[in-house]
Amino acid sequence: MKRPRRFFVETWGCQMNELDSQRMSGQLMQEGILPTRDVREADVILLNSCSVREKAEQKVYSRLGEYRRLKADRPGLLLGLCGCVAQQEGERALARVPELDFVLGPARVGELAGLLARRRAGERVVAVGFPAERRYDLDAISREGGPKGMVTVIEGCDRRCTFCIVPSTRGPERCRPMAEVLAEVRHLLDYGFGEIELLGQTVNHWREPGGRADFADLVDAVAALPGLARLRFVTSYPRDFSPRMVDLYRRHPLLCDYLHLPVQSGSDRVLRRMGRGYTVAQYLELIGALRDARPGLALSSDFIVGFPGESEADFEATLELISRVRFASLFAFAYSPRPGTAALRLDGEIAPARAAERLARLLSLQDGIQAELNAQLIGRELEVLVGGWGKEPGALTGRSSCHRIVHFRAGASAAPVGSMVRVRIVEALGHSLRGERVDVGEHVLAGESLGEGSVARPAARPLPLAPS
Ligand code: SF4
């Protein structure tokens, strides 16, 4: 019997990339090519890359170097570079890696199937740029990774934050019509995805193309759909968070107790140089309004330390902001210069050792805050959406509404992926919680049984959030 063709996708970066990988997987499966977790048996390898930081970009070429060696044994193997590094590098990637078969930018993901046909006809294809008409392959998406269904509502970014490469890798903003978004969410709910995550680099800047509806209207419409258990969205841009959006947290209990709201710095001077368009006071005012609308709302954020010109006082202001807000979690990185960004022209470069030292101080402060916040949850009962097996034998893992990872044991009754269970928290770990199941929720959503004897699934990989 003829061996079925297989594909292997490696995904780096944000949720947008994660969803793009699901779109590409779906197209390949429609071509009769099946997924594999073992790269050595793959006939098609896709590296879906991220270029938000320089290090990630450098790693792309070293990973391509590993993959191209596989071609020595498998001449028919197709190797594709996708994602933001693909958009950025284009033809250069083909020249640098002769074994590379194609380069596919994020705005051209829907063209993968056609591109394979062109490659088979002998062409080494570079598909990058931002066509006016994009193919959005809703019916081909291969959804995976537990009970959460992701739906892109806005692609690209029109902001010009001085450090960010996203506007040039993902192109100008393009909003999907509300009717299209609702159709996709309905489709996911029909398939049993109880948790929906709306995606966009600046998700709350969504506007109905040619219409008047804004993101608050979109959330109102999605939240009204029957079968929805939880709703999240990422990534929000602070300046676009209108009072009507704040009020969503009052109106919709199924909107999760969690919001990722990147601030990047606690210094007005640095925020100005970053081109963020808000002040620390405005950010804090927004946080106050959100916590007023939803007491106990867990917040996370992104920070860049060592941005050009960041003084010790600027950095201290960032630490002060973190102490004041007490984020449930955060993502912090040393500034990484990116090609084509305005920050390259700024003076005041911070030495890497100093940036690393600041980053370590920031993370240590956050570790302490996070440990205290997690310890406060001990004894509380949280509703956990079951995501799959945990790392410890027999343990399950899931997410609370406040986005904490919770490990627990299934107990006597099965806890299918996608079901909601109640867990009493007994221990706070560094970046997660451990609990005991006290109940099975009433709205079991969908998924496979994880009772005794079922096949173990690997835990979902944590992914960094998109910049915004
Ligand atoms: S940081 Fe966010 S808002 Fe700013 S340019 Fe990048 S993607 Fe756009």
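I304 stands opposite F333 of strand 14. Strand 14 covers residues 329-334 and strand 13 covers residues 298-305. The two strands run parallel and are joined by six bridges. Strands are DSSP runs of E with at least two residues, helices are runs of H or I with at least four, and both are numbered from the N terminus. Two strands count as paired if DSSP finds at least two bridges between them. The model is predicted: local features need pLDDT of at least 70, side-chain atom pairs count only at pLDDT 80 or more, and totals for chains, interfaces and linings use all residues. Residues are numbered from 1 along each chain as its sequence is written.

An open sheet of three strands has the order 7-10-11, and its pairing is parallel. Strand 7 (148-152) and strand 11 (230-234) stand at the edges. Each has a single partner strand, so one side of each is left without a neighbour in the sheet. The twist averages 20° from one strand to the next. Angles run from 0 to 180 degrees between N-to-C directions, with axes fitted as lines to C-alpha atoms, for helices over the stretch in contact. Strand 10 (residues 195-199) pairs with strand 11 over five bridges in the parallel sense. Within this pair, I196 stands opposite L231 of strand 11.

Two helices were examined against these strands. Helix 1 (residues 15-30) lies across strand 7, strand 10 and strand 11, and runs at about 100° to strand 7. Helix 7 (residues 178-190) packs on the sheet and touches strand 7 and strand 10. The direction of helix 7 makes about 165° with that of strand 7. Contact requires C-beta atoms, placed from the backbone, within 7 Å.

Backbone exceptions follow. Most residues other than glycine have a negative phi, and most peptide bonds are trans. A cis peptide bond joins V234 and T235, with omega about 5°. T235 sits in the loop between strand 11 and helix 9 (243-251). Q264, not a glycine, has a positive phi of about 80°. The loop that holds Q264 lies between strand 12 (258-260) and helix 10 (268-274). Q264 counts as buried because it has 25 C-beta neighbours inside 10 Å. The cut-offs are 20 or more other C-beta atoms within 10 Å for buried, 12 or fewer for exposed, and in between for partly exposed, with C-beta atoms placed from the backbone. H403, also a residue other than glycine, has a positive phi near 70°. H403 is found in the loop between strand 16 (395-400) and strand 17 (405-409). With 17 C-beta neighbours inside 10 Å, H403 counts as partly exposed.
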